[in-house]
Amino acid sequence: MSPHIDPAILAALSLDAATTTIVSHGSSGFASTSKIVSKREDGGEKLYFVKQGRGRGIEDMFKGEHTSLNAIHTIIPTLCPKSHAHGPLRNSSGFFLATDFLDLNPKPSAPSSNTSSGLSLAQKLAKLHTTRAPIPEGYDKPQFGFPVLTCCGDTVQDNSFQDSWATFYANNRLRRILKTIESNHGPDPSLHSLVERTATAIVPRLLRDGHLKSSSTGGNIQPVLVHGDLWSGNHGKGSIDGGGVEEVVYDPSASWSHGEFEFGIMGMFGGFGEGFEGEYYEAKEGLREGGRDEPVGEWRDRRRLYELYHHLNHYSIFGRGYRGGAMSTMEGLITKYGDEAVL
């Protein structure tokens, strides 16, 4: 048996150690990454991408990524790789995640073996964000949240189900990341006060049921699947499992959320082009899902509110360099909308 491939990975993927090799491939801030090459009976090769890691939160991180990838892949198979397995390693104390291989530097191949869907990233996201979330077991309607914990960076996110998007965003995102910041960096009374004021007053002002409405139905927004961590470093062009070259995403931190939440991080570091939003909303209209949700005039402020979570998360992970941006956003929204809770 190859000393480089943990038996748990071989067993999970039903691979023969005698015809399987593993080499280092790519990089990750929280895990080691590898490519597995296994010979098939017909003489061809099957490739897998594997992450291995240990430490606090790695088990939740890999389970969350596994579930996120497969939720996205089920809706749009050409948008991300399928995940095959995750779990504890047998020969060490760590954990693994194994997915189809995503080649971000594919070699040119014959057209007959390189068929692409031809869909842009904006078109794929529009489809993702207009596919209604399923009804979780034990509930009678779709919920905001996700069946498992997920990680945005190394931050473990609470995805417990909520009927209300405003409640989910205030409690499961803003108040939760505040607790993580205080755990990582100690008390921050000024930040704590602003987050509480934002969660109590601004979130219901902009996101409450009866105010925030779907552009397609005119009713309350419904949960849809979002990638959750879609910055410029988590998307590109590549070939999934030997298929055609596609617009692809990876390293998701999915949840059933308001589709506009995706844009919170997409604008932080650039990489999506000036025409991306226009193409996205044109694709939504083509799917008969309308444009920006109502009130349209508050779209930019909703986006600032959604970006706030990621500034706070970056503060939690990387330190105080992101604190100023978060404080400024909250102060600006409170100044504009007031500081009284909306019932």
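## Close-up views of a predicted model

**View 1. Leu 206 sits in helix H5.** Helices (H or I, at least four residues) and strands (E, at least two) are DSSP runs, numbered from the N terminus. This is a predicted model, in which local features need pLDDT of at least 70 and side-chain atom pairs count only at pLDDT 80 or more, while totals for chains, interfaces and linings use all residues. Residues are numbered from 1 along each chain as its sequence is written, and side-chain values use heavy atoms, with hydrogens and water left out. Is Leu 206 buried or exposed? Leu 206 is buried, because its relative accessible area is 0% (buried means under 20%, exposed over 50%, partly exposed in between, with a 1.4 Å probe and protein chains only). Leaving aside neighbours within four places in sequence, Leu 206 is in contact (heavy atoms within 4.5 Å) with His 211, Leu 212, Glu 298, Asp 301, Arg 302, Leu 305 and Tyr 337.

**View 2. Helix H4 covers residues 165-185.** Its 21 residues reach 28 Å from first C-alpha to last, close to the 30 Å expected (1.5 Å times one less than the number of residues). Just after H4, Gly 186 has a positive phi of about 90 degrees.

**View 3. The buried residues of H4 meet several partners.** Among these buried residues are Trp 165, Phe 168, Tyr 169, Arg 173 and Ile 181. What do the buried residues of H4 pack against? They pack against strand E8 (155-157), helix H5 (189-207), strand E12 (255-257) and helix H8 (299-318).

**View 4. Glu 307 lies in helix H8.** Not counting residues up to four places away in sequence, Glu 307 touches Gly 264 and Met 268. Glu 307 and Ala 326 are 19 residues apart in sequence, with their C-alpha atoms 8.7 Å apart in space.

**View 5. The largest pocket is lined by 41 residues.** Of these, Ser 28, Lys 51, Asn 234, Tyr 250 and Asp 251 lie nearest its centre. Which helix gives the most to the lining of the largest pocket? That is H2, with 6 residues. Strand E3 (45-53), helix H2 (58-75), strand E5 (95-100), strand E7 (150-152) and H8 each supply at least two lining residues. On a 1 Å grid over the protein atoms alone, a pocket is an open set of points where a 1.4 Å probe fits, with protein on both sides within 12 Å along at least five of seven lines, and lining residues have an atom within 4 Å of a point.
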